[in-house]
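Let's walk through this structure together, with an eye on charged side chains and on backbone angles. Please have the viewer open as you read.

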Amino acid sequence: MSITQEMRYRLSAIKCAERFGVQRAAANCHTSPASIYRWRKLYKEAGGDAGGKKSLEALGSKSRRPKSNPNAHTPEEIKLIKDMRRRNPNIGLQDFWFKLKARGYTRSEPALYNVLKRLQMPTNPKTKHSPTCRKDKPYEAMNHPGERIQIDVKYVPKECLSPEFIAKYGSTELYQYTAIDEYSRYRILCGYREHNTYSSSLFLCQIVSAFKALGIEVECVQTDNGMEFTKQFSAKNTNNHSMFEETARRLKVELKRIKPHTPKHNGKVERSHREDQKLFYSEIIRLNYLITDENDFKRRLKRHRDKTNNRPMRPLNYKTPKQVIEKYKNNQLK
């Protein structure tokens, strides 16, 4: 046991009582005479000044936990619980409680939970996976910038649009196109008022141009199965490609589509959209600094993009996306 400040305080009260009397010591130490008498008795029984650390530890606070509980589980109930859990190791807490009640158990479910925890028995055991259960494939890590880029579209909240914007365009539709490099987390953002394959084609050209300016070749882009990217689920002729797909073919960029209804496969761009909502759009609403037109939106989006590309990230060992790209390029030159 370590020596606490409380023990030293009680010892000083005892020394004060020996010198000036119990009544004065109680007044000086802001305690009761009965407490000083009790502390002095414990101190002397432990050996007093000759007892050293042991006598000082005797002045510590004792546990106030009751030694017995009239409502505690009886040995018969404990035995019943242990036997039933041994016969039913995999059932949940509620089913286990029902089985015990059928055997005459009268306690509540929370009481059963507490006693199982105290006995170090599982309350809701986890079953093993079936041998035939499909296992998730390990995540495919990228080896260099531009190897694969995720693309997705985010709807700009209507609350961010000013009355001037709505009056000027007669619409509340505004979209953020996002591309994020899986290796470096470097992002390209752009705003469009239309959400179609033409806007997607323009954005793809912008992606290739922006990464080329960084000295990086875009090898593959990954998208969902939206109409702005593909006609796979709408066209009767499977050879009828969208403008986005034709643009990718012309730019010699491989296209990869995720499985339908699996946005987690585009997890990096989805996660970045959540950060955009928190750091960009929520701030526009909070400050009431609403978007006035399309060019205003693009200017703000560019500033936000530059800020996020210079923001340290934990997956990158607290480096910025720009620093990761520069480090990779420097390593290639060596």
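A salt bridge here is a side-chain nitrogen of Lys or Arg within 4 Å of a carboxyl oxygen of Asp or Glu. By this rule the count comes to 20 salt bridges. Before we visit some of them, a word on the model: it is predicted, so local features need pLDDT of at least 70 and side-chain atom pairs count only at pLDDT 80 or more, while totals for chains, interfaces and linings use all residues. Residues are numbered from 1 along each chain as its sequence is written, and side-chain values use heavy atoms, with hydrogens and water left out.

Start with Lys-168 and Asp-293, whose side chains form a salt bridge at 3.9 Å, N to O. This pair links distant parts of the chain, 125 residues apart: Lys-168 sits in helix 8 (residues 163–169), and Asp-293 lies in the loop between helix 11 and helix 12 (294–309). Helices (H or I, at least four residues) and strands (E, at least two) are DSSP runs, numbered from the N terminus. How exposed or buried are the two partners? Lys-168 is exposed, with a relative accessible area of 54%, whereas Asp-293 is buried, at 19%. Buried means under 20% relative accessible area, exposed over 50%, and partly exposed in between, using a 1.4 Å probe and protein chains only.

Next, move to helix 11, where Glu-275 and Lys-278 are three residues apart and so separated by about one helical turn. They form a salt bridge, the closest N and O atoms being 3.5 Å apart. Glu-275 is buried, with a relative accessible area of 13%.

Another pair is Arg-305 with Asp-306, whose side chains meet in a salt bridge at 3.1 Å, N to O. Arg-305 is buried, with a relative accessible area of 16%, and Asp-306 is partly exposed, at 27%. Elsewhere, salt bridges that share partners join Arg-271, Glu-275, Lys-278 and Arg-311 into one network.

Now turn to the backbone. Most residues other than glycine have a negative phi. His-30 has a positive phi of about 55 degrees although it is not a glycine. You will find His-30 in the loop between helix 2 (22–29) and helix 3 (33–45), and this residue is exposed, with a relative accessible area of 73%. His-261 also has a positive phi, of about 65 degrees. The loop between strand 5 (254–257) and helix 11 (267–287) holds His-261, which is exposed at 80% relative accessible area.
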